[in-house]
Structure formats: C-alpha cells, structure tokens
Amino acid sequence: MREHSSATVLNGTVILPRRAAGIWWGLLGIAAFSFTVPFTRVAVAGIPPLFIGSGRAVVAAVLAAAALALTRQRLPQPRTWPRLALVAGGVVAGFPLLTSYALTAVPAAHGAVVIALLPAATATVAILRTGERPPAVFWAVMVLGSLTAASFAFLQSGGVGQLHWADLLLLGAVACAAVGYAEGGLLARELGAWQTIAWALLLAAPAMLVLAVASVLNQPPSATPAQWAAFAYLAVVSMFLGFFAWYRGLAIGPMAQVSQIQLVQPVLSIGWAALLLGEALTWTTVIGAFAVILCAAAAVRLRLTPAS
C-alpha cells in the first residue's frame, strides 16, 4: 500500500485534463446561454418583459427547491448568504430583467452586444475578486477579442449609431452578470455548481414572485405557444440548467481565462437569431465569427500557460 500512496506523482498528470474539463464545462454552459437573447426576443413579442424577467426566476426557483430537497442539501453557512445575494442580484434579477426590457426595443443581434462585453467585464471582476494574475499577452487577446465581438455585433445590428436607451440597459445587464458570474464561480468551489444557482434562486424567489404577480395583475400575458415555449427555455435552461455547466467551468478555473469562452456566445446567438427569427445573415457573419472564435481559442490556449 505504501507504493500506491505516492499520489503526488499522479496529481501532476491530472492537472491538464482537469483544466481542459473546465473549458468543456464552460463551452456547454455558453451553448445553453447562446439561445437566451433570441428566445427573449421571441418571448417579449407576446409576454410583458417584467413577467419574463421575474417569472422565469420563479419557475427556476421551484425546480431549484425540488432539487435541493430531493438531494437533502444542507443550508449554506450564514456568512455565505451575502455572497449568494450578489449572485441573485446579478444573474437572477438584474440580467434577466434588464435584457428583457432592452429587447423590446432592439433586435436580438443588437442584444448580442451584451454577450460580447461580458468576457472583459467578468474577467475584470474575477481578477479584482480573486487576485488571479494571467499573462500580459492574455489581456491583449482579451481586449482584441472583446473589440472584435462588439464590432461584429454592432455591424450585424446596423451600425453603432446613437446611444439608445436600450443600450444603457444592456450595459447595466453586463455589469450585473459579471458580478454574478464571478461570485457564483467562487461559491461553486464551496457549495457546488448547481447548488450555487439553486440557493441564489431561492433567495431571490420572494421578490421575483411579487414582481411576477404584479406583472400579471397589471398586464396578463397573451402569448402564442411558440412564445410560451421560448419562455419555458429561459426559465428551465437559461435560468437553471445552463448554470450547472457554467459555474462548474468557472469553479475549475482559472476564472478570468474560462470567462473568455463567452467570446463565442455572440456568434452563436446571432446565428440562432438568423435561423429562428429570420434576421439578416451576411458574409460579414462568417468573417466575424471566424475572428471571434480565433480570439477565444487563443485566450483558452493562454489560459493553459502558467504565468511567470
């Protein structure tokens, strides 16, 4: 048994597979989130944005409560609840509500700007929060990738033009999601990936339920089956299941580098918008997608290179 006790040798061989696992979990989460903007655009055509932003959280909270009860999860420690409040405020309340209102005024392709700016915002919050030190060249790739993704999304939406009120909501959504992603990724290392979003959903459930009821009383939803199906996806996948994979990837980390996988999301979102909503898909999409994916791949590659 002494011969098998030298686990330190084996630990060195599993570092790279573990890091690669973080990348793949992150990609799975981003693939799930890539439908969020197009499906929100579908849903707001027949459902009030306040109900979309709050109702999806209520549905996800019911699923979260069931999962926590079935697996007999213990309550988090008291010191953890303020951190869960940051997650709830960022990704359960802030991002869904702000993007739902914004997408009543701008097309899905324009909404993809949110996704294009998220990697830089998430990486910045993560570094401020954790003190991670990625290589300097990583920052150059991150800036280039963010600018490329933002330019791509703006071009697909018809140009930058003047600052629309919806753009301010989108920028607020970026800030909310960045805080929620970064803090959620840290909590996932302590509570578990799905447990983190589940407890955050339960924490936000009372406020979200009040908003959902107020929305129904003020303007009852009147939607088609397709619009309700889009809402169901937002509630079950975007608000709950997608975070299983995403927070798992961030927990494996390093968080700043894993967050750069989000650079692929605007490409996917605009592609889904073209397929599902009939939004224009031109040759610039192919060029933009190629450039964004190259930058994301470079960032992931640098993520595997230890800083000096």
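**Exercises on a cavity and a surface patch**

The largest cavity in this predicted model holds about 120 Å³ of space. A search of the whole structure returns one cavity of 30 Å³ or more.

**Exercise 1.** Describe the lining of the largest cavity by residue, element and class.

*Solution.* Step one is to identify the residues. The lining comprises 13 residues, and Phe-33, Thr-36, Phe-95, Tyr-181 and Ser-238 are the ones nearest the centre of the cavity. Step two is to assign elements. Two or more lining residues are contributed by each of helix H2 (36-43), helix H4 (81-102), helix H5 (108-130) and helix H9 (225-252). The largest share, three residues, is that of H4. Step three is to sort by class. Nine of the lining residues are nonpolar, three are polar and one is charged.

**Exercise 2.** Locate Val-213 and determine whether this residue is buried, partly exposed or exposed.

*Solution.* Val-213 belongs to helix H8, which spans residues 193-218. The relative accessible area of Val-213 is 42%. Together with Leu-209 and Leu-217, Val-213 makes a nonpolar surface patch of about 300 Å².

**Exercise 3.** Place Thr-104 in the fold, classify its accessibility, and state its C-alpha separation from Ala-43.

*Solution.* Thr-104 lies in the loop that runs between H4 and H5. Its relative accessibility is 40%, and therefore Thr-104 counts as partly exposed. Along the chain, Thr-104 and Ala-43 are 61 residues apart, while 9.6 Å separates their C-alpha atoms.

Key
Residues are numbered from 1 along each chain as its sequence is written. This is a predicted model: local features need pLDDT of at least 70, side-chain atom pairs count only at pLDDT 80 or more; totals for chains, interfaces and linings use all residues. Side-chain values use heavy atoms; hydrogens and water are left out. On a 1 Å grid over the protein atoms alone, a cavity is a set of points where a 1.4 Å probe fits but cannot get out, and a pocket is an open set with protein on both sides within 12 Å along at least five of seven lines; lining residues have an atom within 4 Å of a point. Grid points are joined across faces, edges and corners, and a volume is the space filled by probe spheres set on the points. Helices (H or I, at least four residues) and strands (E, at least two) are DSSP runs, numbered from the N terminus. Ala, Val, Leu, Ile, Met, Phe, Trp, Tyr, Cys and Pro count as nonpolar, Asp, Glu, Lys and Arg as charged, and the others, Gly among them, as polar. Patches are made of residues with over 30% relative accessible area and no salt bridge: like charges are joined within 9 Å, nonpolar side chains (Val, Leu, Ile, Met, Phe, Trp, Tyr) within 5 Å. Accessible areas come from the Shrake-Rupley method with a 1.4 Å probe; for residues, only the protein chains shown count as cover. A salt bridge is a side-chain nitrogen of Lys or Arg within 4 Å of a carboxyl oxygen of Asp or Glu. Buried means under 20% relative accessible area, exposed over 50%, partly exposed in between (1.4 Å probe, protein chains only).
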